[in-house]
Amino acid sequence: MERDWWHPKKDYVIGKQKGRFLADISRREFLALSAASIMSGTLLDKDSVSKPATLPGKKPNILVIMTDQQNAGMMSCTGNPWVKTPNIDRIADEGVRFERAYCVNPVCMPSRFAMLAGINPSVVGIESNADVDKLISPEILHNTMGAIFRRAGYRTVYGGRVHMPGQQGVKNNIRAYGFDLITPEGSEGRDELVAASEQFFKQKHDQPFLMVASFMNPHDICYMAINAYCRQTGEKILPGVHQECLNDAMKMPEGISEKEFFDKYCPPLPANHGIQENEPDGLAALDWRPFRAYVRQNWTEKDWRLHRWAYARLTERVDAEIGRVLDGLERAGLMEDTVIVFTSDHGDMDAAHRMEHKTVPYEEAINIPFIVSWKGVTKAGTVDREHLVSSGLDLIPTISDFAGIKVPSEFIGRSVRKLAEGSIVKDWRSSMVIEDENLRMLHMRDKKYAVYATGNRREQFVDMEKDPGEMRNVAYEPAYKSQVERGRRLLKEWYAAHNMNLDPKYIIEK
């Protein structure tokens, strides 16, 4: 069965895997455990940081592997039959895959900034890729991922795609975040990242290391829609390795006809391919560049299915690159001493709601992979389907917890280490905020409330239990009036509880 979208009440083949479900309790039981308030457990308990689980006096290495534009369903370990990711599955086989993990902002640069800085990017005025030239203050850079680990005695290195604002407005300056760069300046995170990683692992390591390996793909899928629009308008299609990778990914298997390809090999349209009923007007303000509108209006069923085919092939391409990095780690004898976290900056719409790319608050764009794995320590082959995880807020607290490092008190993220090791954690967060330019959204596990800064129809409410494909915006239906009002209130309370400002344009009083 294809995983067309995530839904907490359905297994989508996952339930048939050999892995154990960490939070396989009833919803009623879980709500009883976390019934205090909607804000319960959003702050990290700084005094409960665990000690490293390695030999006395020895801290584990940390390897953070990041892809670009890979949504949570694009892994074969999720039961997706249209993509094969044996190497990402290797990470999941030894660890815990958090199925309800989300980015803080479904756009490259803001999401990456959040993961390395541990804060909501809107706090410093970062909401879109256009903000890459923003000045990041020395105070914030002092407590970034690399800086925290370097002060704790780690060697901190970064390889591959950067796409970050930097000190004094110098974009892509990863050194400002406390890392040494092991790939050439301007690296895109392809073969050169694999080679640099393998070389790094071969070195003598007198101190534990934190390494971030940031890969480009499956991001090259972006250019399929861009190229289609350029061909229509007569604009130049920019050459580059991204075009070579995309062209290779779009190729049909040799020796079969087009009919056989679409009958047997090419993924079908997702069940939620249609446009959402009462879709908000303001959604069009979210990075809605002309090529996105063009393909939404003009692509045929075959175009969308070929997009899905190419997206899967690009995901398999980066999976193979990740496999070479894992092999290098193993050959160096470092696997058992290394905590591995696998994630992505955001997802891709993958033909849902007649969309590709990201930026919008649908599950395909915001729900991302998040796997925490330490061979022999984490609960091997486990899937956590219950806990809301924020890749941007929870990554630094999690890896710091494994390393026995206390994080700054102003961080609002939480460590998932205990969950990854099989412990029951009470009072976990029951909601989280996801932001984008001109959007604020409160994700409440089974319900989603969003408000847009522009448009006549500015609110969006989705009942994920009844509508896992997000095909209806029920914000204006009388039956949901009280729930929408509750969403408005809880959104304001979330910002207040975390000492963050909610711009008045996202506050609706009725």
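I'm working from a predicted model.

**Entry: overall layout.** I count 15 helices and 14 strands in the chain. Of its 510 residues, 61% come out as buried. I also checked contacts between residues at least 6 apart in sequence, and 75% of them join residues at least 24 apart.

**Entry: cores.** Nonpolar side chains tend to be buried together in soluble globular proteins, and I went looking for such groups. The largest nonpolar core has 69 residues, and Phe-98 and Tyr-177 touch the most other members. I listed the contacts of Phe-98, skipping neighbours within four places in sequence: Phe-370, Val-372, Asp-384, Val-389, Val-416, Leu-419 and Ala-420. Apart from that core lies another, of 26 residues, including Phe-201, Met-211, Ile-322 and Met-335.

**Entry: helix H6.** Phe-201 sent me to H6, where it is one of the buried residues, along with Leu-193, Val-194, Ala-196, Ser-197, Glu-198 and Phe-200. What do the buried residues of H6 pack against? I find strands E1 (61-67), E4 (155-160) and E6 (209-214), plus helix H11 (301-331). H6 itself runs over residues 191-202 and spans 17 Å from first C-alpha to last, close to the expected 16 Å.

**Entry: salt bridges.** My search of the whole structure turned up 38. One of them pairs Glu-258 with Lys-302, closest N and O atoms 3.0 Å apart. That pair links distant parts of the chain, with Glu-258 in helix H9 and Lys-302 in helix H11, 44 residues apart. Both ends are partly exposed: Glu-258 has a relative accessible area of 41%, and Lys-302 sits at 45%.

Arg-417 and Glu-421 form another, at 2.7 Å between the closest N and O atoms. Here Arg-417 is buried, at 4%, while Glu-421 counts as partly exposed at 25%. I also noted a network of salt bridges linking Asp-68, Arg-112, Arg-161 and Asp-345.

Methods: Residues numbered from 1 in each chain as written. Predicted model: local features only at pLDDT ≥ 70, side-chain atom pairs only at ≥ 80, totals over all residues. Heavy atoms only, no water. Helix = DSSP H or I, 4+ residues; strand = E, 2+ residues; numbered from the N terminus. Expected span 1.5 Å × (residues − 1). Buried < 20%, exposed > 50% of the residue type's maximum accessible area, 1.4 Å probe, protein only. Contact = heavy atoms within 4.5 Å. Core = buried A, V, L, I, M, F, W, Y, C linked by side-chain atoms within 4.5 Å. Salt bridge = Lys/Arg side-chain N within 4 Å of Asp/Glu carboxyl O.
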